[in-house]
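Please read them with the structure open.

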Amino acid sequence: MTDTPAAAADARLDAALTAVDERLGALGEALRVSDPVAIELQASELHRALTRAVDLFALAAKSGPVPPALRQRLARTSGQVAAQRESLSRATAALDRAMDV
């Protein structure tokens, strides 16, 4: 149970980051098994989770400083998103090269 509005906001931020982490994992698994339907679904769900997280962090930042632990977690999650994007880009480039043969 949260005791203050700040604690409630922190819990929402934590939940939003957890949702992004879960979607990243699900997308990674879909990519690993090469399931195009799951890839599309998980990419869409990841986009939705990222949008929610960014919106919540922007709102929280207007109300005051975001706790350092949540800022660090956001930075780690952002790095994971960037790594996933790079991995997907490499896979797409490899596919494009294979199709050119």
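1. The model is predicted.

2. Overall dimensions. The C-alpha atoms occupy a box of roughly 60 × 20 × 15 Å along the principal axes. The radius of gyration is 17 Å, whereas a compact globule of 101 residues would have one near 13 Å.

3. Contacts along the chain. Among contacts with a separation of 6 or more, 68% join residues 24 or more positions apart.

4. Burial and surface. Of the 101 residues, 22% are buried.

5. Charges. There are 13 negative and 12 positive side chains in the protein. The centres of these two sets are 5 Å apart.

6. Nonpolar core. The largest nonpolar core has 15 residues, and those touching the most other members are Leu 13, Val 20, Leu 24, Leu 46, Phe 57, Val 66 and Leu 70. At least two residues of this core come from each of helix H1 (5-32), helix H2 (36-63) and helix H3 (68-100).

7. Which residues does Leu 24 contact, leaving aside its neighbours within four places in sequence? They are Leu 46, Thr 77, Gln 80, Val 81 and Gln 84. Leu 24 is also one of the core residues that touch the most other members.

8. Is Thr 77 buried or exposed? Thr 77 has a relative accessible area of 4%, and it therefore counts as buried, the cut-off being under 20%. Thr 77 belongs to helix H3. Apart from neighbours within four places in sequence, Thr 77 is in contact with Leu 17, Val 20, Asp 21 and Leu 24. Two of these partners, Val 20 and Leu 24, are listed among the core residues in point 6.

9. Arg 12 lies in helix H1. Its relative accessible area is 42%, so Arg 12 is classed as partly exposed; that class runs between the 20% limit for buried and the 50% limit for exposed.

10. How far apart are Arg 12 and Ser 89 in space, C-alpha to C-alpha? The distance between Arg 12 and Ser 89 is 31 Å, and they are 77 residues apart in sequence.

Key. Residues numbered from 1 in each chain as written. Predicted model: local features only at pLDDT ≥ 70, side-chain atom pairs only at ≥ 80, totals over all residues. Heavy atoms only, no water. Rg over C-alpha atoms; globule rule 2.2 N^0.38 Å. Buried < 20%, exposed > 50% of the residue type's maximum accessible area, 1.4 Å probe, protein only. Contact = heavy atoms within 4.5 Å. Lys, Arg positive; Asp, Glu negative; His and termini not counted. Charge placed at Lys NZ, Arg CZ, Asp CG, Glu CD. Core = buried A, V, L, I, M, F, W, Y, C linked by side-chain atoms within 4.5 Å. Helix = DSSP H or I, 4+ residues; strand = E, 2+ residues; numbered from the N terminus.
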